[in-house]
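Take a look at the model below.

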Amino acid sequence: MGLFHKKTVILLVAVLTVFLLVGLQAQGKYKFVFMEEFITTVLAPVQSIVSNVGFNFRKVGLSTGELMTAYRDNQALRAENEEIRQNNLNVAEIMAENVRLRAMLDYKKVANQFDFVTAAVVGRDLGTWNSTITINRGTADGITKDMPVVTSQGLVGNVVNVYTHVAKVQLILDARSAVGTLVQRPESRVAAIVEGSSATPLSPRMVNIARDADIIKTDKLITSGFGGIYPKGLLIGEVVDVVNEEGGLLKYASIKPAVDFDRLEEVLVIARSREPISTLPPTTPVPSAAPGKAGIPSPGAGR
Amino acid sequence: MKNLIWMGVIVATVILQSTLLPLIAIKGTCPDMLLIIVVSYALLSGREKGVGMGFFAGLLQDLAFGSIFGTNTISKLATGYIFGLAERKVFKEHVLLPVAATAVATVFNGLVMFMVLFMLGYKADIVSTFMNNVVPLVGYNVIIAIPVHHIVYRLTAFTSE
């Protein structure tokens, strides 16, 4: 009987300790930096190997499946190719025009807007309440907290925890994540916040939009740059549904993310983003002396 | 030695859970293999061991995934305890045991998790969250519960020799 009591006490103490730690953590007073770092760092290499095996298996599976639809895809791609060829001609024309106009205005070549660090996804947690991924880059590769993470398709999320060789990325699907967004359509430009939704794990919501705001299905959403974490202009996704909220004042929009979160293998971390404007030369009217002075005002811009 | 084996099992499952299982996710729901192991182990070994298993499995999951700390720890600990209580009341060889237990455990686990989050002040729409997450999760968990329970059954027999 004495033994039983001892065990009950231990159990109670453990439960209370966890509750206490949970409470402290929720208020942001204490974080398990060391434990989390230790466990994440130890698990990451193993996760990396196992993920690779998994990705390879899926690749085999997918390519086998794709054999079946290869003919139809081929036809569709041929048709698309024709169209793109046409467009390409136009684009070449426009680019040539762009170059001429640029030269006329004496613009510098605009440097690339972002500096990327490529990272592989080694693990992910698909929970009901949280969506995070673990990537194999950390402080040693120049990653810091709050850096935005993207793929070529669009916005993925931002770095929330960073250790020496590992970092954790909170996806925009996570219920705790919030991204300032803008409707891309020129006549709308409605700004609101996109939040992850625990009710629909794969489609976040653009919330708190006024009932009469101009937003429709198929609208594309981009980041607005408000809030400082995400630079402006990253694609988030497409509106698939607009729902009036109960209460009568607001509505929200369900979004299909541009990124395929089920197939996330490699991501790009934006280590540095530059405002495209800042790379332009100062607009002092120097019509005759331009060739000699052009390189002086902004030496770093031509990279 | 026994404890080492089970520690290894938990660590291996956490790794599987974060790497291979998301590959078979359907609409963002992937089976919670750790929960099934906790339930099976608790049913076969009693509440004291069940609590310990739930505690460590949940803790490791919370620390490894950067989820909201404590949600998995508390919900898995509670699940381990409740199913440990049923140890002497069930037929351990019956094939329906893992199926029924996992279905109940998934719902129970979801409810405890929701309670913890509610106490921490996270907002959530419980009805739609439940319909969209927990219900499909029950189906998915039940499918893999049978083989997982079988493995845990063998391993329990092996470690208690």
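**A walk through the model**

Begin with a helix in chain B. Helix α5 of chain B runs over residues 96-120 and holds 25 residues. From its first C-alpha to its last it reaches 36 Å, close to the 36 Å expected at 1.5 Å a residue. What follows α5(B)? Just after the helix comes B:G121, with a positive phi of about 90°. Keep in mind throughout that this is a predicted model.

Now turn to chain A. It is divided into two domains: domain 1 covers 33-110, and domain 2 covers 114-273. The C-alpha centres of domain 1 of chain A and domain 2 of chain A are 18 Å apart. Each side brings the residues of its own share to the contact: 13 from domain 1 of chain A and 13 from domain 2 of chain A.

How much area do domain 1 and domain 2 of chain A bury between them? The figure is about 1100 Å², and 53% of it lies on carbon and sulfur atoms. Three residues stand out on the domain 1 side. A:T40, A:F55 and A:R58 supply 39% of the area that domain 1 of chain A buries against domain 2 of chain A, more than any other three residues.

By class, the side of domain 1 of chain A that touches domain 2 of chain A has 4 nonpolar, 5 polar and 4 charged residues.

Stay in chain A for a loop. Where does A:R185 sit? Its place is in the loop between β6 (178-183) and β7 (191-195) of chain A. The side chains of A:R185 and A:D219 are joined by a polar contact of 2.6 Å. Neighbours within four places in sequence aside, A:R185 is in contact with A:D214, A:I215, A:I216 and A:D219.

Last comes the interface between the chains. The size of an interface is often given as the accessible area lost when the parts come together. Chain A and chain B bury about 3700 Å² between them, with 72% of it on carbon and sulfur atoms. The contact takes 40 residues from chain A and 42 residues from chain B.

How many salt bridges cross the interface of chain A and chain B? The rule finds 0. It finds 3 residue pairs in polar contact there, both residues at pLDDT 80 or more. On the chain A side, α1 (2-26), α2 (33-68) and β1 (114-126) each supply at least two residues. α2(A) gives the most, with 12 residues. The side of chain A that touches chain B divides into 21 nonpolar, 11 polar and 8 charged residues.

How values were computed
Residues are numbered from 1 along each chain as its sequence is written. Chains are lettered from A and ligands numbered from 1 in the order in which they are written. This is a predicted model: local features need pLDDT of at least 70, side-chain atom pairs count only at pLDDT 80 or more; totals for chains, interfaces and linings use all residues. Side-chain values use heavy atoms; hydrogens and water are left out. Domain bounds come from an automatic or database domain assignment. Contact means heavy atoms within 4.5 Å. Buried area is the accessible area (1.4 Å probe) that two parts lose on being put together, summed over both. Ala, Val, Leu, Ile, Met, Phe, Trp, Tyr, Cys and Pro count as nonpolar, Asp, Glu, Lys and Arg as charged, and the others, Gly among them, as polar. A salt bridge is a side-chain nitrogen of Lys or Arg within 4 Å of a carboxyl oxygen of Asp or Glu. A polar contact is a pair of N or O atoms within 3.5 Å; within protein, one must be able to donate a hydrogen and the other to accept it, and residues adjacent in sequence count only if both atoms are side-chain atoms. Helices (H or I, at least four residues) and strands (E, at least two) are DSSP runs, numbered from the N terminus. The expected span of a helix is 1.5 Å times one less than its number of residues.
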